[in-house]
Amino acid sequence: MKNISKFKPVNGKISIAPSILSADLFQLGKDVCAVEQAGADWLHVDIMDGHFVPNLSFGPSIVSSLKGKTNLPLDVHLMVEHPLHFIEPFAKAGADLLTVHIEAKDDALTALKAIRQLGLQTGLSVKPDTDPKTLAPLLEWTDLILVMSVYPGFGGQHFLPTAPEQIRQVRQLIASSGRPIWLEVDGGINEQTAPLATRAGADALVAGSAIFNAADPVVALRNIKQAASEI
C-alpha cells in the first residue's frame, strides 16, 4: 500500500490529482503517463452509480487497468449510495485510498472501518450543502476529507462561491482534531480557482477538465500547481 503522506506539501507546494473522468479513454494510458511526468501526485478516479449522483462512470476494471502501469497512488472516490458493496471490489482492483460520502445510505463509520481493515487509506467526502460538523465523530477513522466544490455528478462545472467557507470550516475541524488528515478539494479547479481553495486550507486539488480538456494537459497541470502554490 502506498502512503499518501509521502506526498506531503513541501514549501507551499500543493498536491494535484488529475481526474480521469475528463480524460479521453481512447488514449488514457498516454494521458496518465503525460500527467505523471508533468508532476501529478495522485490519480483521481471518480466512481458513480447513477443513483447517488445522476451519472455513471467506471467499475473496478478501470482501476485494475491502471494498477502497476503508473507509480501514482490511485485515489478512488465512491459517489455511490451503498459504498459497502463497492469497497472490496475496488480494494482488490488496486485502489490505494477509498473515499466514501457521509451522505451515502450506508453507515459511514462502518464503511471507513471496512476500508481500513483491507489495508487502504480512508477518505470521507462532503457535498456543498453538508455541515462539516457532521464529520467530527468520524475523524478518528479518516485519513482524508474531500470537500466537493461543485455538486457532484459531472465534470466541467464551475467552482461554487460558497466553497472556500466550507473548506475553511473543514480545515478548522481538522486542526481541532490534532490528526494529520489531508484536505482535498474537487470541483471546478483550474488556474484561477486553485488559489482560492489553497488559501482556504486545501492540501490537495482534484482537476479534471482543466487538465485533460486543455490544449496541452502537461502545461495546464503545471500552471495549476504553480498557481495553487503561490499563496
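Reader: Which residues touch the most other members of the largest nonpolar core?

Author: The model is a predicted one. Its largest nonpolar core holds 62 residues, and helix H5 (residues 163–177) gives the largest share of this core, 5 residues. The members that touch the most others are Ile-20, Val-185 and Leu-205.

Reader: With which residues is Ile-20 in contact, leaving aside its neighbours within four places in sequence?

Author: In general, nonpolar side chains tend to be buried together in soluble globular proteins. Ile-20 belongs to the largest nonpolar core. Beyond those neighbours in sequence, its contacts are Leu-28, Val-32, Leu-43, His-44, Val-45, Phe-58, Ile-62, Leu-66 and Phe-212.

Reader: How many residues form the other core, which lies apart from the largest one?

Author: Among the members of this other core are Leu-97, Val-150, Trp-182 and Ala-204. The number of residues in this core is 10.

Reader: At what angle do the axes of helix H1 and helix H8 cross?

Author: Two packed helices are described by the distance between their axes and the angle between them. The axes of H1 (residues 28–38) and H8 (residues 217–229) come within 9 Å, and the crossing is right-handed. The angle is roughly 40°.

Reader: How many nonpolar residues does the contact of H1 with H8 have?

Author: H1 contributes Ala-34, Val-35, Gln-37 and Ala-38, while H8 contributes Val-218, Leu-221 and Arg-222. By class, 1 residue of this contact is polar and 1 is charged, and the number of nonpolar residues is 5.

Reader: Over which residues is the pLDDT below 50?

Author: The protein chain averages a pLDDT of 91, and 94% of the residues score at least 70. Where pLDDT is low, the predicted coordinates should not be read in detail. The stretch below 50, which has 8 contacts in the model beyond near neighbours in sequence, is residues 6–11.

Definitions and conventions. Residues numbered from 1 in each chain as written. Predicted model: local features only at pLDDT ≥ 70, side-chain atom pairs only at ≥ 80, totals over all residues. Heavy atoms only, no water. Core = buried A, V, L, I, M, F, W, Y, C linked by side-chain atoms within 4.5 Å. Buried < 20%, exposed > 50% of the residue type's maximum accessible area, 1.4 Å probe, protein only. Helix = DSSP H or I, 4+ residues; strand = E, 2+ residues; numbered from the N terminus. Contact = heavy atoms within 4.5 Å. Axes fitted to C-alpha atoms, helices over the stretch in contact; angles between N-to-C directions. Left-handed = near helix turned anticlockwise from the far one by under 90°. Nonpolar A, V, L, I, M, F, W, Y, C, P; charged D, E, K, R; others polar. pLDDT = per-residue confidence, 0-100.
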